[in-house]
Structure formats: structure tokens, C-alpha cells
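Student: I have a model open on my screen. Can we work through it piece by piece?

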Amino acid sequence: MRWWWWLWRLWRVDAVLADLPPLGVGLGFRQPFKSDLFLNRQQVDFLEIVAEHYLKPSWQQQQQLELLASHFPLIPHAINLSLGSAEGVDIDYVRQLAALIKQLNPPWWSEHICFTKAGGVDIGHLSPLPYTKEAVKVLCRNIAEVRRWIDVPLILENITYMVTLPGAEMTEAQFLAEVVERCDCGLLLDITNLYINAVNHDYDVQQFLQDLPWERVVQLHFVGGHWHDGILIDSHSQSTPSQVWQLMDEVVARVAIKGIVLERDENLPAFAELTSELQQAREIGRRHHRWG
């Protein structure tokens with residue numbers, strides 16, 4: 001009986017993710033390019049907003065949110081829910097996040113596979129988890145609690161990390177697969193993060209990809225980082241390198257991606273450079289028949 005229940009559950013989750021609408025090519029919204037965004041709105045299919053910017057919005061932030069929502073589909077992207085915290089999630093925070101998501105009614109929302117709080121202290125950074133079964137249990141427990149408040153599909157993002165925590169019982173790719181399978185979530189595959197980790201930790205990208213549950217990949221992130229003392233930094237500060245474009249082409253060829261988002265935070269270029277990268281991503285999606 002239990003075997004059939006799990007089979008039905010997996011089929012149901014896969015069907016939910018497969019039925020999500022294709023949004024196309026989007027941009028992580030940043031205040032400095034707001035004016036250029038509206039002047040070039042035909043080149044941006046949807047926006048990803050940082051959820052924390054609108055949890056306790058001022059009147060001006062609420063007006064901005066409504067303006068954005070009237071012109072673009074909005075995907076909330078949370079960064080401080082701390083799904084990997086052993087102490088559990090902050091319910092007041094979850095309530096605020098649930099209210100935002102209810103207001104926007106997006107097809108999905110996203111968070112990171114990490115922790116940002118420990119022992120009541122806000123670390124202020126996306127921190128990696130040990131690749132252990134215990135960490136998977138913590139994530140699933142916290143996600144189950146979040147789902148009591150938010151029933152919109154959740155997709156989880158892979159992060160970059162500078163150190164590998166000891167005690168790993170599986171590889172990073174196996175850990176991601178275990179988390180999204182057991183927690184019944186989709187995957188936001190940040191292909192820049194994947195490339196950066198592969199470079200800094202000298203692992204095989206192809207082996208990593210082979211271990212992913214492709215049917216759960218919903219959205220991609222991409223951008224460029226910079227080198228510092230021989231380490232590639234996830235700074236969201238440079239144009240997308242050729243290796244990430246190649247990786248995007250390979251991933252989009254294999255999976256029915258619903259959306260691709262460019263995340264540029266620092267060293268912002270002329271908006272035309274951003275739209276040029278969006279167009280390149282759009283062409284990759286079209287070449288593999290992911291959207292028109």
C-alpha cells in the first residue's frame with residue numbers, strides 16, 4: 001500500500017510541475033533599471049522580485065509592486081527563509097511571505113537550499129548545508145511547515161559555496177536530487193552557480209547533470225561572476241561567460257524549462273547589454289522549442 005502511495009505521490013508532483021505555464025525569458029528586477037525596463041518592456045517576458053523587499057512594504061514599495069504586477073508576471077524569489085535551519089523557520093516571516101505570494105498569485109515561487117540563520121542569529125549570507133540525510137530531513141520538515149501557509153509550488157535553488165562541509169554522505173548533485181524528491185519540490189537550477197562550483201571545487205559538470213532529476217527542473221538563473229585570487233566569485237557583476245551559455249543550451253535541450261532569469265546586481269551595464277543577453281537566452285529556448 002505504501003509503495004503505491006509513494007508512486008502516486010511522485011506522479012502527482014511531476015504532473016504539477018509539468019503543467020506549470022512557460023513564462024519565457026525574465027529579469028531579476030533591480031531598482032536602478034526601472035525606467036529602462038518600462039522603455040523596453042517588450043523584451044522582458046516576466047520579472048523575478050526579491051520577496052524580502054516587499055514583506056513589509058512602504059506605501060511607495062506597494063505602489064511599485066502593483067505597477068510591476070500590472071505589466072509583468074512576477075515570481076517571488078526569497079533569500080532569507082532559512083529552510084535549512086535546524087531550529088525551524090520563523091513563522092512570522094512565513095506569514096508575511098504567504099501574504100505576498102497570495103497577493104501576487106504566481107505560478108511558482110523560489111528559495112535557496114541553504115541556511116541563513118542559526119541559534120537565533122541572522123548570518124546575513126546564504127550558507128551551505130552538509131550533504132547528509134539529516135540535513136534532508138530538516139529541509140523537508142521546514143518545507144512541510146511552510147506548506148501549511150503557502151500552497152503555491154516551491155522550487156529550490158542550488159547555491160555557491162567556498163568550503164565543503166565535512167561528513168558528507170552524498171555528492172552535491174545527489175543531495176539536490178534527494179532534497180527535491182523527498183520534499184516534493186521543483187528545482188531552480190542556477191547554471192552559473194553550477195559552473196562556479198565546478199570550477200572552484202574541480203568536479204565534473206557532466207556527472208553532476210547526470211545525477212539531477214530532470215523532470216523537476218523548472219527555471220534557470222544565469223549571469224557572470226569575477227575572479228579573485230584564483231577563485232571564481234558569484235558576484236552577479238559580469239556578462240555571462242561562454243561556458244555558461246553552452247551549459248544553458250545543453251540544459252534547455254534536455255528539459256522543458258518554464259523560465260530563464262538573468263540576475264545582474266553589480267557593475268550594471270547599459271540596459272541594451274542586458275536585453276542582448278535576454279535575447280540570446282530567448283533564442284536558445286526557441287531553438288529547442290521551449291517557447292515561441
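Student: At the start of H4, which residue's backbone nitrogen does a side-chain oxygen of aspartate 90 reach?
Tutor: This is a predicted model, where local features need pLDDT of at least 70, side-chain atom pairs count only at pLDDT 80 or more, and totals for chains, interfaces and linings use all residues. Residues are numbered from 1 along each chain as its sequence is written, and side-chain values use heavy atoms, with hydrogens and water left out. Helices (H or I, at least four residues) and strands (E, at least two) are DSSP runs numbered from the N terminus. The oxygen comes to within 3.0 Å of the backbone nitrogen of aspartate 92.

Student: How far apart are the end C-alpha atoms of H4?
Tutor: The expected span is 1.5 Å times one less than the number of residues. For the 14 residues of H4 (residues 91-104), that should be 20 Å. The end C-alpha atoms agree with this, being apart by 20 Å.

Student: Which residues of H4 are buried?
Tutor: Buried means under 20% relative accessible area, with a 1.4 Å probe and protein chains only. By that cut-off the list is Tyr93, Val94, Leu97, Ala98, Leu100, Ile101 and Leu104.

Student: Which residues lie nearest the centre of the largest pocket?
Tutor: A pocket is an open set of points on a 1 Å grid over the protein atoms alone, with protein on both sides within 12 Å along at least five of seven lines; lining residues have an atom within 4 Å of a point. This one has a volume of about 710 Å³. Its lining holds 28 residues. Nearest the centre are His112, His125, Leu126, Asp234 and His236.

Student: Which helix gives the most to the lining of the largest cavity?
Tutor: In a cavity, a 1.4 Å probe fits but cannot get out. About 90 Å³ of space lies in the largest cavity. Its lining includes Glu172, Phe175 and Leu176. The most, three residues, comes from helix H6 (residues 172-182).

Student: Which residue's side chain is joined to glutamine 219 by a polar contact of 2.9 Å?
Tutor: Glutamine 219 sits in strand S9 (residues 217-222). Its relative accessible area is 0%, so glutamine 219 is buried. A polar contact is a pair of N or O atoms within 3.5 Å; within protein, one must be able to donate a hydrogen and the other to accept it, and residues adjacent in sequence count only if both atoms are side-chain atoms. The partner at 2.9 Å is glutamate 48.

Terms used. Buried means under 20% relative accessible area, exposed over 50%, partly exposed in between (1.4 Å probe, protein chains only). Grid points are joined across faces, edges and corners, and a volume is the space filled by probe spheres set on the points.
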